Amino acid sequence: MRETIAVLGTGVIGHSVALLCAEKGFNVKMYGPNVEALELGFKGIDGDLDRLVKENKTDESGRRDIRDRISGVTTTKEVADGVDFVIECLPENLELKQKFYKELDELCPKEIILSSSTSGLSPTAMAETATKHPERIVVAHFWNPPHLVPLVEVVPGEKTSEEVVDKTCQWMEKIDRVPVRMKKECLGFIGNRLQFALLREALYIVEQGYADIEAVDKTVEYSFARRLPVTGPIKSADLGGLDTFSKISNYLFKDLCNYDESFEMLEDLVAQEKFGTKSREGFYKWNDENLQSIQLKRAQLLNEFLQRDAQVK
Ligand SMILES: NC(=O)c1ccc[n+]([C@@H]2O[C@H](COP(=O)([O-])OP(=O)(O)OC[C@H]3O[C@@H](n4cnc5c(N)ncnc54)[C@H](O)[C@@H]3O)[C@@H](O)[C@H]2O)c1
């Protein structure tokens, strides 16, 4: 019988995870707090399905099958009923998530894994109120958009069992994602630590007047970003030669940014409500044309990577 995955949340991550799971053949129960939230989720799913049809990834009958496998629910009781795996994508708010874990811990049979797509909240803290079975609470951190970016960081809390981590990695493989297993939790997990270390240095270069924002972005886009899909930073060091990397580390590390707070230029933009593309201005200025163009470019590249991944499988 077809297994059922419950996805809690219909927003940026929730609707995309729901689509991904249905695309991979699972029944999906998408939870939203009310009918309006569900409508928003289905609108997002329909938009993504339109694109999949346009790109010939599925046809009209495939679209209907995928859509039919997703049902909307508005109570945790419905979430728990007959569910095989839970992926929670609710807002990044510890108290809210704790409340849901407590309810789900009471409602779902104890062997059902409760996973969270939190960007950085502690799985140990999230499990604190679910006192009966904290061993089944684990982070499965997707990257946006989950149906196009394969990685999922699987992060155990202090009480998460090894079996739950193993099984969560297996679930991620079943929905065609690439799980990376952490040994223990830390702030930002792996990906956001690396991403924000790069952002801190990028902004530092601008702040110090060494280069402007366009030069910084271009340097990444046309240099080491081209290699990173094949060789991550540690493999890249092996390919570059560790003797050379050691020499550079010894003179450069002490010159790199070591700020432990955000940048004035970032905080100033936020204070002026310049949030980036969502308010049409951030470090850059955005309009419909340049925004759609960059979104299309990014989606096309992500799709090319997915096709290449499928070929080497
Ligand atoms: N947005 C990203 O780029 C991204 C990437 C990776 C992980 N995440 C993580 O995924 C999770 C979801 O993020 P998102 O960006 O999809 O959020 P979102 O705000 O887009 O969606 C949140 C969902 O939760 C629902 N919701 C809001 N308040 C609620 C309440 N009180 N009770 C029940 N449901 C409620 C909303 O209706 C919506 O369906 C967060 O933990 C976030 O950190 C986000």
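These legends describe close-up views of a predicted model. Local features need pLDDT of at least 70, side-chain atom pairs count only at pLDDT 80 or more, and totals for chains, interfaces and linings use all residues. Numbering runs from 1 along each chain as its sequence is written, and side-chain values use heavy atoms, without hydrogens and water.

**View 1. The shell around the ligand.** The ligand is surrounded by 21 residues (a heavy atom within 4 Å). Thr10, Ile13, Glu92, Lys97 and Ser119 are the closest. The shell holds 11 nonpolar, 8 polar and 2 charged residues (Gly counts as polar). Helix 5 (94–107) and strand 6 (137–142) each supply at least two of the shell residues. Helix 5 gives the largest share, 3 residues.

View 2. A side-chain N or O atom of Ser119 lies 2.7 Å from a ligand oxygen. For a polar side-chain atom of Lys97, the distance to a ligand oxygen is 2.8 Å. Gly11 uses a backbone N or O atom, 3.4 Å from a ligand oxygen. The protein buries 70% of the 830 Å² that the ligand exposes alone (Shrake-Rupley, 1.4 Å probe).

View 3. Eight strands are ordered 3-2-1-4-5-6-7-8, with mixed pairing (at least two DSSP bridges per pair). Strand 3 (70–73) and strand 8 (178–181) are the edges. Twist averages 25° from one strand to the next.

**View 4. Strands 1 and 4.** Strand 1 (residues 4–8) and strand 4 (residues 85–88) run parallel, joined by 4 bridges. Ala6 has Val86 as its bridge partner in strand 4.

Note on methods:
Polar contact = N/O pair within 3.5 Å; in protein donor to acceptor, adjacent residues only side chain to side chain. Axes fitted to C-alpha atoms, helices over the stretch in contact; angles between N-to-C directions.
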